[in-house]
Amino acid sequence: MTSSFVINEIKDASTKPRAVALILGFGGAKPRHIAKYSDLYNKKNCSTVYGTASNYDIFTKNKIGLDAFALDGVQQVAKLLRQADNDDDAVSETALIQQKDIPVVMHIISNGGAFTTQHLGLMLDEQRDKKNVDD
């Protein structure tokens with residue numbers, strides 16, 4: 001399965017990103033509309049994962065589609081974070097002194113991003129409820 005997200009990593013591969021930004025676009029946004037926000041983050045040494053849920057999923061609040069889209073975004077962010085962690089072995093001593101934890105920033109644009117974020121929160125709540133029942 002191909003991702004509906006675009007990954008934009010920082011240019012300097014020898015350093016870790018200051019943060020990873022998950023940018024969730026507005027309904028009807030094309031990748032080029034969201035790319036300008038990604039470029040702003042890149043200029044600040046942050047990697048980005050960006051995309052927009054389908055118009056159908058956004059405007060009908062399709063749970064299955066929004067859940068799949070949100071999960072895909074989180075998986076892409078996790079992939080970037082794992083890559084940054086695995087690169088520790090190959091970087092300079094200076095890079096090892098850098099901050100180990102990389103924050104994740106969510107940039108929510110209009111209703112499309114808000115609906116996706118809402119579904120991400122609901123999925124987290126469901127998992128927390130399942131964990132509490134299992135305990």
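**Close-up views of a predicted model**

**View 1. Strands β2 and β3 run parallel and are joined by five bridges.** In this predicted model, strand β2 covers residues 20-24 and strand β3 covers residues 47-51. In general, strands of a sheet pair through backbone hydrogen bonds, in either a parallel or an antiparallel manner.

**View 2. Four strands make up an open sheet with mixed pairing.** The strand order is β1-β3-β2-β4. Strands β1 (6-8) and β4 (104-108) are the edges, each pairing on one side only. From one strand to the next, the twist averages 15°.

**View 3. Helix α1 packs on the sheet.** The helix, residues 31-43, touches β1, β2, β3 and β4. The direction of α1 makes about 165° with that of β3.

**View 4. Helix α5 lies across β2 and β4.** This helix spans residues 110-134 and runs at about 135° to β4.

**View 5. Phe 5 and Phe 69 form a stacked pair.** The count of aromatic pairs in the model comes to one. The ring centres of Phe 5 and Phe 69 are 4.5 Å apart and the planes lie at 20°; planes under 30 degrees apart count as stacked, so this pair is stacked. The two residues come from distant parts of the chain, 64 residues apart: Phe 5 is in the segment before β1, and Phe 69 is in helix α3 (residues 63-86).

Notes: Residues are numbered from 1 along each chain as its sequence is written. This is a predicted model: local features need pLDDT of at least 70, side-chain atom pairs count only at pLDDT 80 or more; totals for chains, interfaces and linings use all residues. Side-chain values use heavy atoms; hydrogens and water are left out. Two strands pair if DSSP finds at least two bridges between them. Axes are lines fitted to C-alpha atoms, for helices over the stretch in contact, and angles run from 0 to 180 degrees between N-to-C directions. Contact means heavy atoms within 4.5 Å. Rings of Phe, Tyr and Trp (its six-membered ring) pair if their centres lie within 6.5 Å; planes under 30 degrees apart count as stacked, over 60 as edge-to-face and the rest as tilted.
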